[in-house]
Amino acid sequence: MNSTNNYHLSGIALLVLEMRDGEPVIVDVNDLELENNGFTREELIGKHPSDCFDTPDTEKDAILRARKSAEQGKPAHFTSRIKRKDGTPYAISCMVTSRHDPKTDVLQYHFLSTLIDYDDASLQKFGRSDIMARAEKMTGTGSWRYSKIYKELLVTENIHAIFNLDNNQDIQTQLFTKIPKSYARAINAAVEECFETARAFDIKYQFFANDGTQYMGVVSGEAEQDETGSITAVVGVVRDLTAHAELQMEHGMFLRAAKIGALRVDDKNSMIRLSPEAARLLGEDDQTLDISSADWRARIHVDDQKNASAEYDKALRTTGMTTRTYRIRCKDGAWKWFEIRSIAKFDSTDQPGIIYATIMDVDDRVNTQLELTASEQRFRDVLSQSKEMIFELDANGTFSYISEMGPIIFGYTHEEFLTMSPFNLIKNPPISQADWLVARKNSGPVELEKLLYHKDGSPLHVNFCSKPIFDRHGEFTGFRGAARDITDRKLADLAVEENRQRLIEVVDAAQGWIFDLDAEGKFTFTSNAIENFTNLPSKELIGQPTWVLAEYLKPDHDAWLESIRRSDRGVTREFRLNERSGDGGQWLEVHCVARFDEDGNCFGYRGVAFNITRKKRAEKQLIQAKKTAEAATEERARFLSTMSHEIRTPLNAVIGMTDLLLDCKQPADQVKLTKSANMAGQHMLSLVNDVLEHSKLEAGKVTLEEIPFDLAETVDNVYDIFAVTSQNKDIELSITLHQNLHAFYTSDPARIRQVLINLVGNALKFTDAGDVKIAISPTDTDRVRFEVTDTGIGISEQAQGKLFQDFVQADASTTRKYGGTGLGLAISRRLVEAMNGEIGVFSTPNKGSTFWFELPIQQAQPPASQPDNADDEASCFNILVAEDNPANQLLIRTLLEKLGHTITIVENGQLAIDAASSQVFDLVFMDMQMPVMDGYTAAKALRNLGNQVPIIALTAHVTGDEEHKFKAAGMNDWLSKPYHMTELVKRISYWGAIGQQQVQNETNRHLTRP
């Protein structure tokens, strides 16, 4: 730094200090300072000032306070005695200012001094105003002093200039007129506090005067004390920052608008200082930012680092400005393009030291350039890859530009094209090229298909689009357009048309019809086959809606079209056309799909229809045949049910009577005959049950229950049924229940018991020696498996395949030897399948068989228990029996009287109502089929009369399926004919006790009435 070239302060000595390693060092002086102290510049530069000027009388504290004040941006004054190089003393009055970097760190201290009288004490406090005025003007400051004793404000000349005051008027009055009251009150308060506490103050101000002038700066003050430490005045300075703030604001606004910031790289190339504008561009806080060179390099995009490093090295080798552009990661992680312009400052050895640079946000510009480059590249790629030939013609109609597809389509080279016109591609043109050019120039934009020719003479179908081009003066300059080879498309169109015609012919041959509809469902095309179905010619259908063929379709025509649009595969529907004379109306099966454009808008429909009149008539006949068959099946079921009732009713008497006879004492030969008759009756009952059960299953009349039941109890019932049979045949019958089974399940226990009875009965029938085992276990698929295993005759593999068919047994000899209808297993299969289960068999001839079935039944909670009436079995009840068959009347009378009950027998339902209305009964047994009135009607009538006596149905139908009818009629329970003594006793014991209790309760109510 050359002081004489940088500082021209007439009459004022200047000394400049910088802080190095925490100590002040002299870095520059002007000539007047050298003249005052007697040193040379070389003797002072780099020295500590105390080593050169200090004496015992030097006011070191005053100098230090002034420097500290300057560090805070407040110019300060001091007076002190110091020495020259030769040791002689002299005195100075000095003002200290400082220069800061953007982060407010002090860069330099400026000591501006004048010589004063060594013994002049007054100058130690404030200094001569005429000498200090120039320094104040140069630093934009003004000094002031307010006396505590005299209440007088003294200011230097520059205060007048700062606030534009009149020297001839009272300064204090003008200031407090110029300065807003809020600032005036704040300054007064600060001065008063300073008098009290000696606390220094700084008050920033910024306001507009009445004339619109802006004022901005700082008022600083501190206490002035005498020799005793008493505060005598407050002295201070005013720093005018208006011009600096305006310049800084304008500079900042310019930099922000231009997206420009400043960089500075230190001489060690280790730290980079960013101006607030530069920091803001990177998304950092709007203040000076210091970052390391390593951090800066880490922010550069990896793809740009190599080039950025090379450009930076280049900047270090040149004295001129260098420019580089690369991406930098901002604080939010986004990448932006920046342009860095830098210039290096070289030292005396021509080595690069500090680097100054600007950084500019060029992200929009670079991205625009990149997009433009990419767009241009895309355009070039499109042109190179497009199957269209892009061309331009000059005013004479000659090719001036041809894209790469031109030679590919037509076979001519680029050079050949530049001597040709499109007119040359036409064989035997009908007009001259001049006439063609005039016609084309006046026709405007055109698009047409032409038959042109390849260089080798082969024909080409070409689609041309072109328009004439005019300059800004309206002068014709040529044509611009595109051409595409559509030869393949034309050939494909021909092939499509051929296929279309072929399809129409095929559909016509199959008595079909093809049609197209517009978006409103009106015909746009129809094949001639429609004339085979209607009196309307195909031409007359064009423009007509579809419902003209079937008037009844008109109301839901729009809904039909909507359903087609919503279906990806179209909609198939059957229609009956309007009737022609005598044909009853033809039937069509129509399949129609919607057609959509590239924007997803439906523009029409396409369909095909086939004549299904014969099919519909056949279906009608089939439906009628089905109804006839169902009626026949129903009639057969009714017949079998009637026959079952007619057979089972006398069987009830036969089996019941023989059971009674077997309980009586008889000669041995009579017992044998009675047993034979009883067994014959049981066998006939089994045959009847099988036939009727099969009939109901075949007709789909079986009703399944879903009730909770005790599994062990159900299986035990089956065991009880066959216990005597197994003992008589000396065959061991056993039950095994797996430990993981639940106690109760939900299903139809009667049907499960029926299947088990069939399987166990067969096992005992076909086993002469050994054992029959019943095993029940859970499966891994949440089912219950039932198995019946025997050691009987077994079944061949061939016979196993047909075992579960209707009326089928293993072979004819089986039927002859063991008897039976062959329906038991078929019924079991149908019952298991009705319960969503499976049934099967494993068997080896002469070694035995295992029949199994699995059911998906679920665990259930135990049902509510019924009262135990075991102790009431010996009770005698008054019982009404409605039974029309004399044999059965005799049977039930004999049984009930034998048990000690009182019995009344009537022949029909009406008599049952009359009897129950005239006397009190504990229980009623009601036959279902009786003359005059059946059991169902009679039970309903009793309930309607309010009679709640328990009613037990006596039915000759198969058990189970009729139960819902009994309940609907108001009956409490049912008993199937033939009935066994144990079942009869059980029901009498339970329901008789309930009925007797009801009678007692009713009697008590009558007795307790007042």
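Which residues does Ser-843 touch, not counting residues up to four places away in sequence? Ser-843 touches Gly-794, Ile-795, Gln-800, Gly-848 and Ser-849, where contact means heavy atoms within 4.5 Å. This is a predicted model, in which local features need pLDDT of at least 70 and side-chain atom pairs count only at pLDDT 80 or more, while totals for chains, interfaces and linings use all residues. Residues are numbered from 1 along each chain as its sequence is written, and side-chain values use heavy atoms, with hydrogens and water left out.

**Ser-843**

- Ser-843 is found in strand β32 (residues 838-844); helices (H or I, at least four residues) and strands (E, at least two) are DSSP runs, numbered from the N terminus.
- Ser-843 is buried, with a relative accessible area of 16%; buried means under 20% relative accessible area, exposed over 50%, and partly exposed in between (1.4 Å probe, protein chains only).
- The side chain of Ser-843 makes a polar contact with the side chain of Ser-849 at 2.6 Å, and also reaches the backbone oxygen of Gly-848 at 3.2 Å.
- A polar contact is a pair of N or O atoms within 3.5 Å; within protein, one must be able to donate a hydrogen and the other to accept it, and residues adjacent in sequence count only if both atoms are side-chain atoms.
- Ile-793 lies 50 residues from Ser-843 along the chain, and their C-alpha atoms are separated by 9.3 Å.

**Helix α20**

- His-557, Trp-560, Leu-561 and Ile-564 are buried in helix α20 (residues 557-566).
- These residues are on the same side of α20 because they cover an arc of only 95° around the axis, taken from the directions from the helix axis to the C-beta atoms.
- Asp-558 and Arg-566 are exposed on the other side of α20.
- β24 (571-576), β25 (587-596) and β26 (602-611) are what the buried residues of α20 pack against.

**The five-stranded sheet**

- An open sheet with parallel pairing has the strand order β36-β35-β37-β38-β39; two strands pair if DSSP finds at least two bridges between them.
- β36 and β39 (973-976) stand at the edges with a single partner strand each, so one side of each is left without a neighbour in the sheet.
- Strand β35 (residues 878-882) and strand β36 (residues 902-906) run parallel and are joined by five bridges.
- Across this pair, Asn-878 stands opposite Thr-902, and Val-881 stands opposite Ile-905.
- α28 packs on the sheet, touching β35, β36, β37 (923-927) and β38 (951-955).

Methods
Axes fitted to C-alpha atoms, helices over the stretch in contact; angles between N-to-C directions.
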